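Hi,

Here is the structure I said I'd pass on.

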Amino acid sequence: MNDENLYRPYSTDSSLGGCGCGQHRSQAEHDQQAHMLRAGDPEALSGDFIEAAAVRALFPHDATRRNLIRAVGAPTLMAAIGAVLPLASMQAMAMQKPGALEKKDLKIGFIPINCATPLIMADPMGMYRDQGLNVTLSKTAGWALVRDQMINRELDASHFLAPMPLAMSAGAGGGGTGPAQQMRVATIQNINGQAITLALKHKDNRDPRKWKGFKFAVPFDYSVHNFLLRYYLAEHGLDPDRDVQIRVTPPPEMVANLRAGNIDGFLGPDPFNQRAVYDQIGFIHLLTKDLWNGHPCCAFGASQAFIDQNPNTFAALYRAILNATAMAHKQENRAAIAKAICTPNYLNQPETVIFQALSGRFADGLGKVRNEPDRADFDALPWYSMATWMLTQMKRWGYIKGDVNYKALAEQVFLLTDARKQMAGLNMPVPAAAASGYKLFSIMGKTFDPARPQDYLNSFAIKRT
């Protein structure tokens, strides 16, 4: 290493060349190192980078460092530093590869809905390949099949409805009873992004108090869709088990059932709310963000057994999903994402339908074009308080019986600590509140305090417990 090269990685002097950030010899080197860092490659921190970092740490002032290098020369300076710092060992450590992937060929399940955007887009956009993984995405017809395939280990990991791993880990089976299956939520796939869609014949009946006798569809019993619909109806004085019918219907079948008149409406995922508008058979009554802005919906996770047996593979998978989520969070990327995931092997829907739902600029089926950028978003953090709220609703409607240790189950299933660690490793921002994993939420104007779940549950007039 000569003195010019030693100094250049940290120079912002344009006369010395380098990249826009001033930390690399050239823009090409900057781009290469950024790619290596995104992929978790420790070679991005090796060799000259380690030596330059040591010099900068010992001599933080630019003028002092430059004068010293010019006075004694880089070799002499590095020899002196090497006498007090184990540079060779540091470089060797930096060059060490992370643990070898235990399993490179993975099968991951998904339901073809916008909620799975990060998981899906990571395939055509090469994010799995960047982590050394060969992923096959397995399109699945419904959530009961996802549950069964995860239990039977036919899938290595999967797109879940966020409450499913909680139910499965509690022994509720994610829909049905059975022994506890230890599932873990690595990330929340999406926040918001759902709606209550009604048949056009109800366009003049927008008051939920007048919906007695309606038939609604939701994707699964153990879904935020089911819990938010029940919450909404109960807040308007309807008992969701006695005054209406709520039917479990796979999301891809919701529009057909609405067209056939089998249901009056559904609380479901996009793109099917927007597809009902596109097909001119339904209208968007309400976006779920207007019930709880920032609510979780779907998640990405795996069994504890898979994590234990494949820790390095799981970490690589985690990085791929986090990178995809961060990209999906940015509105400016949504058009390209819609184009990538609309194809038959993924969502198999018109690109405009997917983009309207992702962008928040959409026709509502009532003759208006609405612009609501927060209609859908992507935020990976699996807050313990989200899990706690879901558990209160499972308890409220009789899906889980007996005493519930809300805190223990939330912290067992939702891997918030792991998410924070992985995000920090990818230089992603982590909110300060995530240190505890708990925060207050407001659902239909009512505050949920995760420290007092039983008080919250007791406050409802309509409930099964």
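Below is what I found in it, starting with the overall picture and then going place by place.

Two bits of bookkeeping. Residues are numbered from 1 along each chain as its sequence is written. This is a predicted model, so local features need pLDDT of at least 70 and side-chain atom pairs count only at pLDDT 80 or more, while totals for chains, interfaces and linings use all residues, and side-chain values use heavy atoms, with hydrogens and water left out.

**Overall**

The average pLDDT (the predictor's confidence in each residue, from 0 to 100) is 87 for the chain, and 79% of the residues score at least 70. Where pLDDT is low, the predicted coordinates should not be read in detail.

The chain has 21 helices and 16 strands. These are DSSP runs numbered from the N terminus: H or I over at least four residues for helices, E over at least two for strands. Of the 465 residues, 55% count as buried, where buried is under 20% relative accessible area, exposed is over 50% and partly exposed is in between (1.4 Å probe, protein chains only). Among contacts with a separation of 6 or more, 73% come from residues 24 or more positions apart.

T187 is buried, with a relative accessible area of 0%, and I188 counts as buried, at 0% relative accessibility. What does T187 touch, leaving aside its neighbours within four places in sequence? Its contacts are A299, F300, Y318, I321, L322 and A380. With the sequence neighbours up to four places away again not counted, I188 touches A162, P296, C298, A299, D379, A380, L381, P382, M386 and F414. F414 is 226 residues from I188 along the chain, yet their C-alpha atoms are separated by 9.3 Å.

In strand β2 (residues 134-139) you'll find L137, which counts as buried at 16% relative accessibility. Beyond four places in sequence, L137 is in contact with I108, F110, L119, I120, D123, Y128 and Y346.

In α17 (residues 351-359), the buried residues are V353, I354, Q356, A357, L358 and S359. They pack against α7 (117-121), α13 (272-278), α16 (334-341), β12 (361-363) and β14 (376-377). Just after α17 comes G360, with a positive phi of about 85 degrees.

Helix α18 (residues 384-396) is mostly covered, with 13 of its 13 residues buried. From first C-alpha to last it reaches 18 Å, close to the 18 Å expected at 1.5 Å a residue; the expected span is 1.5 Å times one less than the number of residues. G398 follows α18 and has a positive phi, near 80 degrees.

**The cavity**

How many cavities of 30 Å³ or more does the structure hold? There is one. On a 1 Å grid over the protein atoms alone, a cavity is a set of points where a 1.4 Å probe fits but cannot get out, and lining residues have an atom within 4 Å of a point. The largest cavity has about 60 Å³ of space, the volume being that filled by probe spheres set on the points, which are joined across faces, edges and corners. It is lined by 13 residues, of which N114, N190, G193, A376 and F378 are the closest to its centre. β5 (191-192), α17 and β14 each give two or more residues to that lining.

- D270 and P271 are joined by a cis peptide bond, with omega about 15 degrees; P271 sits in the loop between β9 (265-269) and α13.
- R153 is not a glycine but has a positive phi of about 60 degrees. It lies in the loop between α9 (143-151) and β3 (157-161) and is exposed, at 56% relative accessible area.
- M444, also not a glycine, has a positive phi of about 50 degrees. Its loop runs between β15 (441-443) and β16 (446-448), and M444 is partly exposed at 28%.

Cheers

Definitions and conventions
Contact means heavy atoms within 4.5 Å. On a 1 Å grid over the protein atoms alone, a cavity is a set of points where a 1.4 Å probe fits but cannot get out, and a pocket is an open set with protein on both sides within 12 Å along at least five of seven lines; lining residues have an atom within 4 Å of a point.
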